[in-house]
Amino acid sequence: MKLMKQLLAMATIAFATAAQAAPAAPATEAPDVLVKRISQDVLDTAKTDKAIQAGDIKRVTELVETKILPYVDFQRMTALAAGRFWRDATPDQQQQLSAEFRTLLIYTYSGALSQVRNETVEFKPLRADPSDTDVEVRSQVNMPRGEPVPLNYRVSKTPTGWKIYDINVLGAWLVETYKSSFASEISKGGIDGLIKTLQAKNKALANRPAPKAK
C-alpha cells in the first residue's frame, strides 16, 4: 500500500489541480517530451523541497498549480471518472465535483509525495504516428529496492497542445479505479451524495496530522 501510494503520488499529483484555464505547453512539444519534463520537474522539486518533505499541503498545492496545471485536462478526467452520470449533473454540480476531487487527490497523496527520495523515472520510446491525437506515454519507476514499476500516461492533443488525462500504475488506470467508487456513491445518493462523501473525506484528511519527514 505504501509503495502504491508513493507511485500514485509521483503521477496523480499531476491531476490534483483546479479545473480552470491556464497557459498550455507549446503546441509543437511532443507528448512524451512533455510528460518527461513534467515528471522530472516534480521529482526534482519533491526531493529537495523541505516543506514538501514535511507534508506541507500548501506547498504541495503550490507545486501542482505552478508546475502541472497547464498540462492536465483535469475536467476530462473528472468527467470520465463520473461516467454517464457526468452528463446528468448540472454545471454547478460538475464544478463542485471537480473541486472536491482536486482536494481529495492533494490530501491523499501529499503524504506519499513527501516520502519521495531516490526514485527515478525512465521513459520508453513513443509508439505513435504523427497523425495520432490520443497516445499512451510509457515509463517505469526505478525503485531503490525491487523491480521497476510500469507507469503510463494517456495524453490527448488539444488546440493548445498535449494534455494528460489518465495514468496507469501497476496495470490499473486511475480513472477506472475512481469510476467504480464514484458510481457506487452516486447510486446511493446521486451526484450530491458523491459530493458530500468527498467533502467528508476531505474534512477528515485535512484534520489528520502531517506526516513526519524521514
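Here are legends for a handful of close-up views of this predicted model.

**View 1**
Let's get our bearings before zooming in. The predicted chain holds 8 helices and 5 strands. Out of 214 residues, 49% count as buried. Take the contacts between residues at least 6 apart in sequence: 65% of them join residues at least 24 apart.

The 5 strands here make an open sheet in the order 1-2-3-4-5, and the pairing is antiparallel. Which strands stand at the edges? They are strand 1 (120–123) and strand 5 (172–173); each has a single partner strand, so one side of each has no neighbour in the sheet. Helix 2 (residues 31–48) packs on this sheet and touches strand 1, strand 2, strand 3 and strand 4 (161–169). The direction of helix 2 makes about 175 degrees with that of strand 1.

**View 1. Strand 1 meets strand 2.**
Now for a look at one end of the sheet. Strand 1 and strand 2 run antiparallel and are joined by 4 bridges. Look for V121, which stands opposite V141 in strand 2.

Strand 2 (residues 134–142) pairs with strand 3 (residues 149–158) over 8 bridges, in the antiparallel sense. Two facing pairs are handy landmarks: E136 is opposite R154 in strand 3, and D134 is opposite S156 in strand 3. The hairpin of these strands has 6 residues between them, and there G146 takes a positive phi near 95 degrees.

How many bridges join strand 3 to strand 4? There are 8, and the two strands run antiparallel. They form a hairpin with 2 residues between them. Strand 3 is mostly covered, with 7 of its 10 residues buried. Pick out V155, which stands opposite I164 in strand 4. Leaving aside residues up to four places away in sequence, V155 touches a whole list of residues, among them P31, V35, V135, V137, W162 and Y165.

**View 2. Inside the largest nonpolar core.**
V155 turns up again here. The largest nonpolar core has 52 residues, and the ones with the most contacts inside it are L97, F101, Y153, V155, Y178 and F182. Helix 8 supplies the largest share of this core, 10 residues.

**View 3. Helix 8 and its kink.**
A straight helix of 33 residues would span 48 Å at 1.5 Å a residue, yet helix 8 spans only 22 Å between its end C-alpha atoms. Where is the kink in helix 8 centred? On G189, with a kink of about 120 degrees. Buried residues of helix 8 include L174, V175, Y178, F182 and I186, along with I191, G193, L194, I195, L198, N202 and L205.

**View 4. Helix 5 and the glycine that follows.**
This one is a quick stop. In helix 5 (residues 74–82), the buried residues are F74, M77, T78, A79, A81 and A82. Just after the helix sits G83, which takes a positive phi of about 65 degrees.

**View 5. V116, tucked into a loop.**
Find V116 in the loop between helix 7 (91–113) and strand 1. Is V116 buried or exposed? With 0% relative accessibility, V116 counts as buried. Look for L43 too: V116 and L43 are 73 residues apart along the chain, but their C-alpha atoms are separated by 7.6 Å.

How values were computed
Residues numbered from 1 in each chain as written. Predicted model: local features only at pLDDT ≥ 70, side-chain atom pairs only at ≥ 80, totals over all residues. Heavy atoms only, no water. Expected span 1.5 Å × (residues − 1). Bend = angle between axes of the 7 residues up to and from the residue. Buried < 20%, exposed > 50% of the residue type's maximum accessible area, 1.4 Å probe, protein only. Pairing = 2+ DSSP bridges. Contact = heavy atoms within 4.5 Å. Axes fitted to C-alpha atoms, helices over the stretch in contact; angles between N-to-C directions. Core = buried A, V, L, I, M, F, W, Y, C linked by side-chain atoms within 4.5 Å.
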